[in-house]
Amino acid sequence: MPRLWVPVAVALTVVVLAVVGAVLMSRDSRPGPPLGAVLDGADRRALAAVPMRRGPGPPPADPAVDFTDPQVVARTYLAAARSATPDDRDLTRLRAAAYAAPRSPTASVGVVVLDPPPPGQVRTAGVTALDLVAAAEDDGRRGYRATVAIATGPPDGAASTTVTTAYVVLARQPDGRWLVVADASELDEGDV
């Protein structure tokens with residue numbers, strides 16, 4: 001009987017060592033916070049990050065916009081949210097706030113301008129395609145994938161154009177208006 005315990009003990013030891021080795025090898029060997037961690041104030045100061053300041057208040061909504069048409073609202077919102085001037089450097093832009101739901105990040109904080117156009121140039125955006133990708137059963141929310149053409153150049157001159165994708169979610173308000181509640185340039189797998 002004692003001879004049976006020896007192979008069992010050896011097998012158990014091998015299994016335990018394999019599990020410990022797998023756990024140790026799967027750990028992230030890079031120093032610092034895990035990927036996706038948020039930088040706190042001390043981290044931003046160490047990186048000498050420029051603080052974002054709130055830009056000028058939002059302009060009034062265009063009276064020609066039909067807020068009962070979610071596609072019109074999405075197109076108008078994206079054009080305002082993706083356009084920029086050199087004066088937007090280090091500011092949040094609130095030009096699209098009139099088309100965003102109250103208390104949503106876009107309405108209250110605005111869009112952060114990471115790369116404003118150089119002095120003497122402007123950036124204008126226009127939606128070239130808008131596809132419905134999801135809708136709530138009660139039709140109270142709709143999600144769209146938009147193709148946005150962004151032109152950067154002098155106000156009266158030739159511009160270079162890039163094309164990007166944006167995802168927006170609109171919610172029908174109690175008064176029947178559609179307003180943007182979420183805006184993303186990428187769609188994570190968990191968002192679907």
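Predicted model: local features only at pLDDT ≥ 70, side-chain atom pairs only at ≥ 80, totals over all residues.

Trainee: How many bridges join β2 to β3, and do they run parallel or antiparallel?

Mentor: Two bridges join them, and the strands run antiparallel.

Trainee: What is the strand order in the open sheet?

Mentor: The order is β1-β2-β3. There are three strands, and the pairing is mixed.

Trainee: Which strands stand at the edges?

Mentor: β1 and β3 (111-112) do. Each has a single partner strand, so one side of each has no neighbour in the sheet.

Trainee: Switching to rings. How many aromatic pairs does a search of the whole structure find?

Mentor: One aromatic pair. The rings belong to F67 and Y99.

Trainee: Why does the pair of F67 and Y99 count as stacked?

Mentor: The planes are at 15°, with the ring centres 5.8 Å apart, so the pair is stacked. The cut-off for stacked is planes under 30 degrees apart.

Trainee: Where do F67 and Y99 sit in the chain?

Mentor: In distant parts, 32 residues apart. F67 is in the loop between β1 (53-54) and α3 (70-82). Y99 is in the loop between β2 (91-93) and α4 (105-108).

Trainee: Is F67 buried or exposed? And Y99, buried or exposed?

Mentor: F67 is buried, at 14% relative accessibility. Y99 is buried too, at 5%. Buried means under 20%.

Trainee: New topic: R123. Where is its place?

Mentor: R123 is in strand β4 (residues 122-135). Its relative accessible area is 15%, so R123 counts as buried.

Trainee: What does the side chain of R123 reach at 2.5 Å?

Mentor: The backbone oxygen of D115. The R123 side chain also makes a polar contact with the side chain of T152, at 3.0 Å.

Trainee: Which residues does R123 touch, leaving out those up to four places away in sequence?

Mentor: Among them are R82, S83, A84, P116 and I150. D115 and T152 are on that list as well.

Trainee: Let's follow S83. Where does it lie?

Mentor: S83 lies in the loop between α3 and β2. With a relative accessible area of 16%, S83 is buried.

Trainee: Which backbone oxygen lies 2.6 Å from a polar atom of the S83 side chain?

Mentor: That of A79. Beyond four places in sequence, S83 touches R93, R95, R123, T124 and A125.

Conventions
Residues numbered from 1 in each chain as written. Heavy atoms only, no water. Phe/Tyr/Trp six-rings, centres within 6.5 Å; stacked < 30°, edge-to-face > 60°. Helix = DSSP H or I, 4+ residues; strand = E, 2+ residues; numbered from the N terminus. Buried < 20%, exposed > 50% of the residue type's maximum accessible area, 1.4 Å probe, protein only. Polar contact = N/O pair within 3.5 Å; in protein donor to acceptor, adjacent residues only side chain to side chain. Contact = heavy atoms within 4.5 Å. Pairing = 2+ DSSP bridges.
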